[in-house]
Amino acid sequence: MFDKSEIENQVAEFLLQIKAIKLQPNNPFTWASGWKSPIYCDNRITLSHPTIRTYIRQQLTRQIQEVFGAVGCIAGVATAGIPQGALVAQELGLPFIYVRSKPKDHGTGSLIEGEILTGKRVVVIEDLISTGKSSLQAVEALRSAGYDVAGLAAIFTYGFDIATDNFKQANCPFFTLSNYNALIKYAAEHQYISENDIQVLKNWRENPSEWGK
């Protein structure tokens, strides 16, 4: 059995160390959605660090086996979930496919890329969960194509209630290697942020769409 808190802390440390996650309570970022945020996450940076990339691949693989059991295929969510998913599929010796955000506008018009393996039990790989909307669009696309979606695995989640609700409503189990609460705790203990920053970061998580307006 794996030590969940140890993994959460290790992944939080890695993401802060390589600046895959940046915390700027006093100089907020603007997300594509228009939300103001004191945190920005780009887990693609992990791919440039072999030791960290290997750790994430191994932990995703290990937990997929323990949480979901035997599966027949791994699916990445475009775009950031594609390389992480391919690494996991290689580790498990399984077929790999990926799901586009929308069908391509030429050729076959495919939404799912790779050999269609209808009926296969599949785990979906994401790099990051915010509201869960894009992840669950991929889940629905796979189900519509005839796959049996066992669940979803990701590197990090902001832990929004709306994401938990969305996954529950879609009947899609999921896990992440680390999360917002573990990250903030680690960041505070290791002087990435000040005591004053902690409350700001907690306030943002409670109402992210309105924060900073």
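Author: Glu126 is buried, with a relative accessible area of 5%; buried means under 20%, exposed over 50% and partly exposed in between, with a 1.4 Å probe and protein chains only. The model is predicted, so local features need pLDDT of at least 70 and side-chain atom pairs pLDDT 80 or more, while totals for chains, interfaces and linings use all residues. Residues are numbered from 1 along each chain as its sequence is written, and side-chain values use heavy atoms, without hydrogens and water.

Glu126 belongs to strand S8, residues 121–129. Strands (E, at least two residues) and helices (H or I, at least four) are DSSP runs numbered from the N terminus. Leaving aside neighbours within four places in sequence, Glu126 is in contact with Val77, Gly81, Ser134, Ser135, Leu152, Ala153, Ala154 and Ile155, where contact means heavy atoms within 4.5 Å. The side chains of Glu126 and Ser135 are joined by a polar contact of 3.1 Å. Such a contact is a pair of N or O atoms within 3.5 Å; within protein, one must be able to donate a hydrogen and the other to accept it, and residues adjacent in sequence count only if both atoms are side-chain atoms.

Leu128 also sits in S8. Leu128 is buried too, at a relative accessible area of 18%. Beyond residues up to four places away in sequence, Leu128 touches Cys41, Asn43, Ser135, Ala154, Phe156 and Tyr158.

The largest pocket has a volume of about 890 Å³. Of the 34 residues lining this pocket, Ala32, Glu126, Leu128, Ser130 and Ser134 are the closest to its centre. A pocket here is an open set of points on a 1 Å grid over the protein atoms alone, where a 1.4 Å probe fits, with protein on both sides within 12 Å along at least five of seven lines; lining residues have an atom within 4 Å of a point. Points are joined across faces, edges and corners, and the volume is the space filled by probe spheres set on them.

Strand S4 (39–41), S8 and helix H4 (133–144) each supply at least two residues of the lining. H4 gives the most, with 6 residues. By class, the lining has 15 nonpolar, 12 polar and 7 charged residues.

The unreviewed UniProt entry places the feature "binding site" at Arg100, Lys104, His106, Glu126, Asp127, Leu128, Ile129, Ser130, Thr131, Gly132, Lys133 and Ser134. From this set, the pocket lining takes in Arg100, Glu126, Asp127, Leu128, Ile129, Ser130, Thr131, Gly132, Lys133 and Ser134.

Ile21 lies in strand S1, residues 21–23, and counts as buried at 3% relative accessibility.

Leu183 is one of the buried residues of helix H6 (residues 180–189), together with Tyr180, Ala182, Ile184, Tyr186 and Ala187. The cover over these residues includes helix H1 (4–17), S1, S4, strand S9 (148–157), strand S10 (174–179) and helix H7 (195–206). Asn179 caps the N-terminal end of H6, with a side-chain oxygen 3.2 Å from the backbone nitrogen of Asn181. Just after H6, Gln191 takes a positive phi of about 60°.

Notes:
UniProt positions are given in the numbering used here, feature names are shortened, and annotations may be inferred rather than shown by experiment. Ala, Val, Leu, Ile, Met, Phe, Trp, Tyr, Cys and Pro count as nonpolar, Asp, Glu, Lys and Arg as charged, and the others, Gly among them, as polar.
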